[in-house]
Amino acid sequence: MLKFLKDSKVDFTARCCGISSIPCALFFLTRSANRTYSILVKEWKNIEKLLDPFFTNGIDQISMLDALRILMRIGDTLNGVRNHERLYRYIDSLFPAQKIPGGLEIWAFDLFEGKEVVFKEGDDLRKALKISLSFPILYRPYEDRYVPITWITGVPEGELMVLFDIEKETHSPRNALEYLFLSTTARTKHLERERTKKAKCLRISCSSLSPVSTTRRAYEEFPRFFEEVFV
């Protein structure tokens, strides 16, 4: 998608959050779709290990609930079930210590201020990426205050949105904890829908978030969608 926009000489700003921050950051650093794809395919197993069990086949509600139960038993719901330093070391090894390039924005949420924050050109790239991958329950909030917006408002605001829908089985809630979790995710989905109503939105169905799957589907669907909407 970014390659299409770049080749079409369209003036654009890419806004991303969560796991999508990785491919967007790689593209703006390398300015090469082929190089970005090559790195993603090589690194995908490592990324899966850092984010399992949440993203192997999309967000797994049962796994999320298991992690939440662990945190409730130990009485610490902010620290997360994974060692955040491992995540930070991985980001440091994959990305050079430099600023966010022009044209890229990474959106996050500040728990102290209760509002979204935007990391943009000139801001610390590594910091923004660490925040964007510090998913609640799995990892503690970055600096004990920042989390990705994927669990708060869902997606950044924008004129054009591309969302990947993961095909997966759904399970009926079995107890109060599962109803509580589902009500939280339903709230986020509601806020996400409100934002998609204000934008031109392309939803792409795929079997996993693997770059092999998502890149192919985006390559097939995005150019046609862009031409229908803007040309």
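Colleague: Which residue just after H2 takes a positive phi?
Modeller: That's Arg-31, and its phi is about 55 degrees. Keep in mind that this is a predicted model.
Colleague: Which ones are they in H2?
Modeller: The buried ones are Ser-21, Ile-22, Cys-24, Ala-25, Leu-26, Phe-27 and Phe-28.
Colleague: Let's turn to the cysteines. How many disulfides does the count come to?
Modeller: The count is 0 disulfides. Cys-24 is in none, and the nearest cysteine sulfur, that of Cys-16, lies 4.2 Å away. A disulfide needs the two sulfur atoms within 2.5 Å.
Colleague: Is Cys-24 buried or exposed?
Modeller: Cys-24 has a relative accessible area of 14%, so it counts as buried; the cut-off for buried is under 20%.
Colleague: And where does Cys-201 fall?
Modeller: Cys-201 has a relative accessible area of 26%, which means it is partly exposed.
Colleague: New topic: helix packing. At what angle do H3 and H8 cross?
Modeller: Helix H3 (residues 33-51) and helix H8 (residues 211-230) cross at roughly 150 degrees, and their axes come within 10 Å. That angle is why H3 is described as roughly antiparallel to H8, a label used for angles over 145 degrees.
Colleague: Which residues make the contact?
Modeller: H3 brings Tyr-37, Leu-40, Val-41 and Trp-44, while H8 supplies Pro-211, Val-212 and Thr-215. By class, the contact of H3 with H8 has 6 nonpolar residues, 1 polar and no charged.
Colleague: How about H5 and H6, what's their angle?
Modeller: Helix H5 (residues 84-94) packs on helix H6 (residues 125-133) at about 140 degrees, with the axes 10 Å apart. H5 is therefore oblique to H6.
Colleague: Is that crossing of H5 and H6 left-handed or right-handed?
Modeller: The H5 and H6 crossing is right-handed.
Colleague: Last one: which residues of H5 and H6 meet?
Modeller: From H5 there are Leu-87, Tyr-88, Ile-91 and Asp-92, and they meet Arg-126, Leu-129, Lys-130 and Leu-133 of H6. The contact of H5 with H6 has 5 nonpolar residues, no polar ones and 3 charged.

Conventions:
Residues numbered from 1 in each chain as written. Predicted model: local features only at pLDDT ≥ 70, side-chain atom pairs only at ≥ 80, totals over all residues. Heavy atoms only, no water. Axes fitted to C-alpha atoms, helices over the stretch in contact; angles between N-to-C directions. Helix = DSSP H or I, 4+ residues; strand = E, 2+ residues; numbered from the N terminus. Parallel < 35°, antiparallel > 145°, perpendicular 65-115°, else oblique. Left-handed = near helix turned anticlockwise from the far one by under 90°. Contact = heavy atoms within 4.5 Å. Nonpolar A, V, L, I, M, F, W, Y, C, P; charged D, E, K, R; others polar. Buried < 20%, exposed > 50% of the residue type's maximum accessible area, 1.4 Å probe, protein only.
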